[in-house]
Amino acid sequence: MRGVMGHGGGTSSCVVAALLIVALSACQRENSGPAPDGNEGAATASPSVVATFLARGTCSTRGRTVFHQVSCRSEKAAALVLSRYDGPQALGPLCPERTDFVLHISEHRPDSDENGDGSVPQGYACMRNLEAPHPGDPGGGGGPRTIVGDCVRPLRQGEVKETACDGTGAQAPRFKVTAAARSRAACPADTDLYVQLGGGAPVGCARRL
């Protein structure tokens with residue numbers, strides 16, 4: 001889900017929602033792309049998993065609860081680590097655009113780790129599948145972030161959910177994010193819906209399809 005920041009002027013008939021703001025963190029949890037086991041029907045962020053450090057630029061195997069850092073040339077490699085941060089995701093940086101899914105890593109003490117200190121801290125890794133599908137791509141219908149090129153549909157009052165722009169999702173898209181801006185005033189005049197994106201340009205300017 002994503003928080004709706006209200007409808008624009010335009011021809012939209014839902015202007016009553018113009019002042020609704022829903023916390024992004026409360027909605028983002030339910031739209032983080034496929035779970036690490038490849039279940040694309042999953043709607044929630046992956047649970048905490050046990051993994052080796054998963055340094056940025058390395059690759060991982062794919063499992064349900066255990067992930068191993070491997071060479072990206074390995075036949076077991078399934079996903080690339082775009083970035084890796086310590087601490088809870090809610091308090092850390094946003095994952096890069098086109099992230100397919102997020103691994104929430106539990107603190108643990110493996111037999112060996114990246115820096116040899118005997119422990120892997122709690123954190124999260126922003127992952128991209130080495131092969132399709134890529135739900136984090138613009139219009140892909142998933143991923144932990146809504147970005148320019150994504151499509152959404154109304155879910156409930158003040159909330160929207162990302163869905164595939166090509167109509168292959170369970171629900172047809174209703175709006176498409178065509179631009180990102182620093183404020184609603186900076187969106188194009190024909191904007192029908194404002195969606196929270198986060199980052200330096202946190203307002204998504206969406207048009208009705």
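A residue counts as buried under 20% relative accessible area, as exposed over 50%, and as partly exposed in between (1.4 Å probe, protein chains only). By that rule Ser 83 is buried, with a relative accessible area of 5%. The model is predicted: local features need pLDDT of at least 70 and side-chain atom pairs count only at pLDDT 80 or more, while totals for chains, interfaces and linings use all residues. Residues are numbered from 1 along each chain as its sequence is written, and side-chain values use heavy atoms, with hydrogens and water left out.

## Overall build

The protein has 1 helix and 13 strands. Helices (H or I, at least four residues) and strands (E, at least two) are DSSP runs, numbered from the N terminus. Along the sequence the pattern reads β-α-β-β-β-β-β-β-β-β-β-β-β-β. Of the 209 residues in the protein, 48% are buried. The protein exposes about 10,400 Å², and carbon and sulfur atoms supply 50% of that area. Accessible areas come from the Shrake-Rupley method with a 1.4 Å probe; for residues, only the protein chains shown count as cover.

Contact means heavy atoms within 4.5 Å. Among contacts in the protein with a separation of 6 or more, 55% are between residues 24 or more positions apart.

## Strand β6 and the tyrosine pair

Ser 83 lies in strand β6. Leaving aside neighbours within four places in sequence, Ser 83 is in contact with Arg 56, Pro 96, Tyr 124, Ala 125 and Cys 126.

The structure holds 1 aromatic pair. The rings of Tyr 85 and Tyr 124 have centres 5.3 Å apart and planes at 40°, so this pair is tilted. Tyr 85 belongs to β6 (residues 79-86) and Tyr 124 to β8 (residues 123-129), so the pair ties together parts that are 39 residues apart in sequence. For such pairs, rings of Phe, Tyr and Trp (its six-membered ring) must have centres within 6.5 Å; planes under 30 degrees apart count as stacked, over 60 as edge-to-face and the rest as tilted. Tyr 85 is partly exposed, with a relative accessible area of 24%, whereas Tyr 124 is buried, at 0%.

Elsewhere, the charged end of Arg 184 sits over the ring of Tyr 194, 4.9 Å from the ring centre. This term requires NZ of Lys or CZ of Arg within 6 Å of the ring centre and within 35 degrees of the ring normal.

A nonpolar core is a set of buried Ala, Val, Leu, Ile, Met, Phe, Trp, Tyr and Cys residues joined through side-chain atoms within 4.5 Å. The largest one has 9 residues: Leu 54, Phe 67, Ala 79, Val 81, Phe 101, Leu 103, Ile 105, Ala 125 and Met 127. At least two residues of this core come from each of β6, β7 (101-105) and β8. The most come from β7, with 3 residues. Apart from this core lies another, of 7 residues, including Val 177, Leu 193, Val 195 and Ala 206.

In β7, 5 of the 5 residues are buried, so the strand is largely enclosed by the rest of the structure. Phe 101, Leu 103 and Ile 105 point one way from β7, and Val 102 and His 104 point the other way.

Ala 79, also in the largest core, has contacts beyond four places in sequence that include Thr 58, Phe 101, Met 127 and Leu 130.

## Strand pairing

Two strands pair if DSSP finds at least two bridges between them.

| Strands | Bridges | Residues opposite each other |
|---|---|---|
| β7 and β8 | 5 bridges | Leu 103 and Ala 125 |
| β9 (residues 151-156) and β10 (residues 159-163) | 5 bridges | Cys 151 and Thr 163 |
| β9 and β11 (residues 175-181) | 2 bridges | Cys 151 and Lys 176 |

The hairpin of β9 and β10 has 2 residues between the strands, and Gly 158 there takes a positive phi near 85°.

## Ile 147

Ile 147 is placed in the loop between β8 and β9. Ile 147 is buried, with a relative accessible area of 3%. Not counting residues up to four places away in sequence, Ile 147 touches Glu 97, Arg 98, Gly 136, Asp 137, Pro 138 and Val 177.
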